[in-house]
Amino acid sequence: MRNISPKIFIDGREVDYLEGKYKLAGTLTAATLNFKLPLAYGGRMKLWNKEVTLYLNESDASPIFRGWIKRTNPTFNEIEIRAEDALGYMLKGGEDSVAKIVLTDRDNLDGLTAGAAIQDAIKRAKLDGKLKTDFIGNTTPVVGSTDKPFRGNVNVLDIVKTFLNKAVDTTGTLPRPNIARIIDDGTNSQFVVELESDITSTTANIKKVFTERDNITKLNIINKKVPTVITVNGANNVSATFTHDTAIEALDRNYFEVTNNNLSSPAACLDFAKNLFEANLALQYEYTFETFEGAYLEENDIIKIETDEPEFAGNYRIIGKNINFSPAKFSIKLTINRRPPVLAEYIASLDN
């Protein structure tokens, strides 16, 4: 395990902080860093919109967080500072406004692939000073213009979400969505698009193994709701409903409806509904746990949980993390799940 000795820099200059908290919630939300400086020190600095970087070790090539100061709050003897990463500028183009661009019949994103369209939208919104797209990549599969072209005053984040929802990889047993996140190249924040990791693969790249005996200090297991009545709508108005009577007795009647235009017969819709049920029944648990390892894990990384309870054991996907630190203390809280790789509409429904 690498040594952990967090260091905070403001515009490249290290500052003597009192304590700090880093939060990555994932799913296209801004990561945040809240920290405190002595008032006598912080009060002399012009802090608004200054770049802040957080390194977990002085030998790290890139920071775990790169952001810009959005808010300060002086108290009696200290100053509280809040910084947000570059996604905060996509969510809020200014202090109170959402980043938007104007698209017309003459000037638009029509004909571009998802990667090119998102890159263009970020540049049009003048976000590329904070959020670079040198390594943006593209969706898997590659998708182009949406059925309803973007027109008018359009939210940049909505453009990203629309393309991600359209791109669904169907090469496996169940479709997998694409995600977008920020990585750091050592100099800039880079916006990237990638396929959601497949935790069910036998060749999954497991970044870390956690056990209750070795590196989990506090564990919370959440039993997620499993849909027991599933309706799948296919192309050309075909559909089918799968109902599991035994599961209803044990888990209650939970309804879910999803559309998969790749299916062209009721039988195919029924088979897909059965696959959805089986995937969710097997992968219904979510963990939030505290640990002293895994600080360098990133969103979409795969880890493995080993436990004496076999129904809880297996591979999980990193969703987010919280790190609390001071010059004397350090703790990590990871949020992970093994939400099955299914259609984007289904994933969105789990967040409601």
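Guide: Start with strands β12 (residues 176-184) and β13 (residues 189-195), which pair in the antiparallel sense over seven bridges. This is a predicted model: local features need pLDDT of at least 70, side-chain atom pairs count only at pLDDT 80 or more, and totals for chains, interfaces and linings use all residues. Residues are numbered from 1 along each chain as its sequence is written, and side-chain values use heavy atoms, without hydrogens and water.

Visitor: What makes β12 and β13 a pair?
Guide: Two strands pair if DSSP finds at least two bridges between them. β12 and β13 have seven bridges, so they pair. For instance, N178 stands opposite L195 in β13.

Visitor: Why is the aromatic pair of W68 and Y89 called edge-to-face?
Guide: Rings of Phe, Tyr and Trp (its six-membered ring) pair if their centres lie within 6.5 Å; planes under 30 degrees apart count as stacked, over 60 as edge-to-face and the rest as tilted. W68 and Y89 are 5.8 Å centre to centre with 90° between the planes, so they are edge-to-face.

Visitor: Why is the pair of F242 and F277 called tilted, then?
Guide: Their centres are 5.6 Å apart and the planes make 55°, so this pair falls into the rest: tilted.

Visitor: How do you know that W68 counts as buried?
Guide: Buried means under 20% relative accessible area, exposed over 50%, partly exposed in between (1.4 Å probe, protein chains only). W68 has 7%, so W68 is buried. Y89, at 12%, counts as buried too.

Methods: Helices (H or I, at least four residues) and strands (E, at least two) are DSSP runs, numbered from the N terminus.
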